[in-house]
Amino acid sequence: MYIVPEKAIADLVTREASFDAVEKVFAAMAAGDAYNFPVVREAIGHEDALYGFKGGFDRAGLTLGLKAGGYWPNNLEKRGLINHQSTVFLFDPDTGKVKAMVGGNLLTALRTAAASSVSIKHLARQDAKVIGMIGAGHQAKFQLRAALEQRSFEKVIGWNLHPEMLPNLQEVADEAGLPFEAVELDGMREADVIISITSSFDAILKADQVSPGTHVACMGTDTKGKQEVDPQLLVAADVFTDEVAQSVSIGEAQHAIAQGLIQKGDVAQIGAVINGINPGRTSDDQITLFDGTGVGLQDLAVAASVVDVAVEKGIAIEVDF
Ligand code: NAD
């Protein structure tokens, strides 16, 4: 088996490679070639940690495996480590033998950023100029960097519950040479694309704070009980997701579904848009919403591409296991 340690990943993976891997696997999921296993996510009663497994099998790409890990909220303050910790394990689908163990932290950030970026490519208006960020933590920087590559954005606006974190967004806007403005939530009406990436358990963004024609990517809600937007926004929008089963149970759609405001059948797979089966955006005043819940197959796809590059470059550690 091969080991690709976390510290080697930054030199092996690019935003473009992550984007391609995620777009392909979303397409494979919608075509019925790839499926995710039910997610296990447990509050382990230690360090307030959430720990779990996300796995799946891609018959087209022959990728089988899982990501094990989760969220340790005290890591940064107590230990100077990032709060998300995970490792990807890949298996040979022909034999069941373990193929690779790959550091999953940077990969998680990149594959999550790639997901909202894929949704922007396929659902945002071509003339989108203003991008709005709700959230300014570790992941927000990755989401913003990847999103800025999808359209000719001219301005970044941002809101965060903890305003002292807003310089994170300013930093990415500066890198891209774009102006950044901190706004109140009402200011989000100016945005053509909005990404939410917070740890919120209550609706932050109200339906009337989103203008017609906007694409909203809700990326923070990946667990039962979490919530970032008003369920009425899902009524107003055409809703797309990575995986319908996750969207309605642990994603942003869980609340609109529970309140009977929308049905499971109202949530479409983004892969169907990628495959040209679903038309996606059909007018300039339609609101589109991507419920990015984060699927195991995203992790496996990006990890598999990293292993190939690591072996090619002689960086992968080979172990007789
Ligand atoms: P982080 O701890 O670095 O940042 C948390 C962000 O949420 C900050 O902007 C903070 O101000 C905000 N926040 C915290 N409590 C809040 C509250 N009660 N209301 C509103 N905002 C609040 O975390 P991160 O790494 O940036 O991750 C953000 C979220 O994204 C997490 O909830 C994480 O589980 C989720 N996530 C989702 C995926 C996916 O695939 N969908 C992948 C990775 C992370």
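Which residue in β16 stands opposite Val239?

Mentor: Val267 in β16 is the residue opposite Val239. First, some ground rules. This is a predicted model, where local features need pLDDT of at least 70, side-chain atom pairs count only at pLDDT 80 or more, and totals for chains, interfaces and linings use all residues. Residues are numbered from 1 along each chain as its sequence is written, and side-chain values use heavy atoms, leaving out hydrogens and water.

Now the strands. Strands here are DSSP runs of E with at least two residues, helices are runs of H or I with at least four, and both are numbered from the N terminus. Two strands pair if DSSP finds at least two bridges between them.

α4 (105-123) and α5 (138-148) each supply at least two residues of the shell around the ligand. That shell holds 25 residues, and Arg111, Asn160, His162, Met219 and Lys226 come nearest. A residue is near if one of its heavy atoms lies within 4 Å. By class, the shell has 7 nonpolar, 15 polar and 3 charged residues. Gly counts as polar in this scheme, and Asp, Glu, Lys and Arg count as charged.

Polar contacts come next, meaning pairs of N or O atoms within 3.5 Å. A polar side-chain atom of Tyr71 lies 2.9 Å from an oxygen atom of the ligand. Ala136 uses a polar backbone atom, 2.9 Å from a ligand oxygen. Gln139 also has a polar backbone atom 2.9 Å from an oxygen of the ligand. The protein covers 86% of the 860 Å² of accessible area that the ligand has on its own. Such areas come from the Shrake-Rupley method with a 1.4 Å probe.

Tyr71 takes us to antiparallel strands. Strand β5 covers residues 63-71 and pairs with β4 over 9 bridges, in the antiparallel sense. There, Phe57 stands opposite Leu64. Phe57, in β4, also stands opposite Tyr35. Strand β2 (residues 34-36) pairs antiparallel with β4 (residues 50-58) over 3 bridges. β3 (residues 40-43) runs antiparallel to β4 too, joined by 4 bridges. Ala43 has Leu50 as its bridge partner in β4.

Last, the turns. β4 and β5 form a hairpin with 4 residues between them, and Leu62 in that turn has a positive phi of about 50 degrees. The hairpin of β3 and β4 has 6 residues between its strands, with Gly45 at a positive phi of about 70 degrees. Glu47 sits in that loop and has a positive phi of about 55 degrees, although it is not a glycine. Asp48 is in the loop between β3 and β4 as well, with a positive phi near 55 degrees. Most residues other than glycine have a negative phi.

Key
A polar contact is a pair of N or O atoms within 3.5 Å; within protein, one must be able to donate a hydrogen and the other to accept it, and residues adjacent in sequence count only if both atoms are side-chain atoms.
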